Amino acid sequence: MHRPHPRRLLLRRALAAAGTLWLPRGAWSQPRIANNPFTLGVASGSPLPDSVVLWTRLFDTGVFGGNNLPDLPITVRWELAHDEAFTRIAQSGQAQALPELAHSVHVEVQGLESDRAYFYRFALGGAGNDHVSAAGRTRTLPAPDATPARLRLAYASCQRWEHGYFSAWRHLVADAPDAVVFLGDYIYEYPGAANAVRAGTGTWAITLSDYRKRYALYRGDADLQAAHAACPWFLTWDDHEVQNDYAGLTAGENGPAVEDFPARRAAAYQAYYEHMPLRASVLTRALAGMGSGAEMRLYGQVRFGQLATLSLLDARQYRSPHACTRNGNPGSSNVDPATCAVWMDPARTLLGAEQERWLEERFARAAGEGGWTLLGQSTLFGPRDFRRGEGRSYWNDGWGGYTPARTRMVDALRKHRVANPVLLGGDVHENWVGHVLADYADAASARVGVEFCGTSITSRSGGNGRIPDLLAENPHFVFAEAERKGYGLADITPQQMSVALRVVDDVAAKQTRIDTLAQFRVQAGRLTVERG
Ligand SMILES: [Fe+2]
């Protein structure tokens, strides 16, 4: 008798659980749950004009940080309402929290009105067993032909637990963005940190169970929960969701040696899906087996009516191994291109051939259109030459280490005359603001776009000491600051984008103030970053 492969079966059930298939009648499963299992909050994401993903995960902390819930499917009810008091229900239904997916719940609600706020919550029913989640607020995208007057996006990245409190998220809620764009390093795989502000788990994240515990630790944070409950999120990842400096199917260099890196990556990717408000279709390409390197398709594009598009890129999963690392070891290092034979090898890629093709096709399709072209990806786009004066030295983990790939992206933006490109990035734990140049070697060359690479929510960085030298050496950047932590807030209208770099006073303090470190303005059609 033919029996489906266990992973295929799991993925099929994931699709069913997300509501893309009907739950058969009588499929209710309601074991008795003593404690309220909605301890990790709620989230929404991947919005479209008529649809959004609602997320939660049932979790009841066990003695060793595991989940005390029974190893059974649990039926969860959900409600989506027009009002915060849930008196005008727009839709409701039920979904399965499967133990195979860590009792996570992904509901893909369809048939919604565009450009509307909705409120949602989850509940477990049953005799003496009425547990209700916190309520979240979400929003659908404008219709493709709509002309929204404004859009407020927050962009953020890099929230190492041990490095501080997530107070920035609490302040972000008060800034009331329409959506959050998260650009990677949602978790860190490390066992802890020197001079930790908060204690970590004490273990490396390597197995599926490790990664689940790590997400449960982070998602237990009230400030992070508040930010997820406040608005929908768009997400991509960087390296620490798996391992520092990994590249495609090549392991990075930190922590214990793991024999089967593709298996580790598959475990990390599955845990990522389980904890993010992503569509089940993200998983479907993995049907062939993530454990042997099959893709988890995260990248994609959304449109905010005629005002802007946002392409979220995946700069980790498909990239070539790092060029010319020290002694041929995996991981990152600073490299002098003059000493590196493969530095300019056009076969090396950051996005992978297929994603590059997909992106250029999007550019071609948008040729002649107006609006803002937002490109969310995990790292700094413009090169930073760390050597003052003669000679060059670049960090080989960012786009700087994939120069031909970056040039191809810039050339594609120019070729298709893409309207108002804005690169958003993270990874470097410092704020960097600048211009995307046709030729970075020539500071007077044409401006092709602008770049706002954000600081971290908490993750540490070097100080400001070397910043003046770096700015002098790399004049395509107009601003850099390497100490303050927070997020960026972009207010976008058809005429201009203004960006506030929001920073907290002290990530080591539970209660801390927020401030605007600097404010910038880009006028549509001008591709120039102005201060103020
Ligand atoms: Fe980071």
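Modeller: Before we start, contact here means heavy atoms within 4.5 Å, and the model is a predicted one.

Colleague: Which strands does helix α8 lie across, and at about what angle does the helix run to β19?

Modeller: Helix α8 covers residues 403–415. The strands that α8 lies across are β15, β17 (421–425), β18 (431–437) and β19 (447–453). Relative to β19, the helix runs at about 125°.

Colleague: In what order do the strands of that open sheet stand, and which strands are at its edges?

Modeller: The open sheet is formed by 7 strands with mixed pairing, in the order β12-β13-β15-β17-β19-β18-β20. From one strand to the next, the twist averages 20°. A strand at an edge has a single partner, so one side of that strand is left without a neighbour in the sheet, and this is the position of β12 and β20 (477–481).

Colleague: In which sense do β12 and β13 pair, and which residue of β13 does R303 stand opposite?

Modeller: Strands of a sheet pair through backbone hydrogen bonds, in either a parallel or an antiparallel way. For β12 and β13 the sense is antiparallel, over 5 bridges. The residue in β13 that stands opposite R303 is T309.

Colleague: Which helix lies across β12, β13 and β15?

Modeller: The helix in question runs at about 25° to β12, and β15 comprises residues 372–376. At least two residues of this helix, which spans 353–366, are in the lining of the largest pocket. The helix is α7.

Colleague: How much space lies in the largest pocket, and which residues lie nearest its centre?

Modeller: The space in the largest pocket is about 480 Å³. By class, its lining has 13 nonpolar, 5 polar and 4 charged residues, and the elements that each supply at least two of the lining residues include β1 (42–48), β12 (300–304) and β13 (308–312). Of the 22 residues that line the pocket, those nearest its centre are L298, Y299, G300, Q301 and V302.

Colleague: What is the volume of the largest cavity, about, and which charged residue is in its lining?

Modeller: The largest cavity holds about 90 Å³ of space. By class, the lining has 7 nonpolar, 4 polar and 1 charged residues. Among the lining residues are W395, W399 and F386, and the charged one is R384.

Colleague: Which parts of the chain does the salt bridge between D239 and R316 tie together?

Modeller: The structure holds 28 salt bridges, and in this one the side chains meet at 3.8 Å, N to O. D239 lies in the loop between β11 and α5 (261–275) and R316 in the loop between β13 and β14 (334–335), so the pair ties together parts that are 77 residues apart in sequence.

Colleague: Where does R388 lie, and which residues is R388 in contact with beyond its neighbours within four places in sequence?

Modeller: R388 lies in the loop between β15 and β16 (394–395). Its C-alpha atom is separated by 36 Å from that of Y299. Leaving aside neighbours within four places in sequence, the contacts of R388 are D469, A472 and E473.

Terms used:
Residues are numbered from 1 along each chain as its sequence is written. This is a predicted model: local features need pLDDT of at least 70, side-chain atom pairs count only at pLDDT 80 or more; totals for chains, interfaces and linings use all residues. Side-chain values use heavy atoms; hydrogens and water are left out. On a 1 Å grid over the protein atoms alone, a cavity is a set of points where a 1.4 Å probe fits but cannot get out, and a pocket is an open set with protein on both sides within 12 Å along at least five of seven lines; lining residues have an atom within 4 Å of a point. Grid points are joined across faces, edges and corners, and a volume is the space filled by probe spheres set on the points. Two strands pair if DSSP finds at least two bridges between them. Axes are lines fitted to C-alpha atoms, for helices over the stretch in contact, and angles run from 0 to 180 degrees between N-to-C directions. A salt bridge is a side-chain nitrogen of Lys or Arg within 4 Å of a carboxyl oxygen of Asp or Glu.
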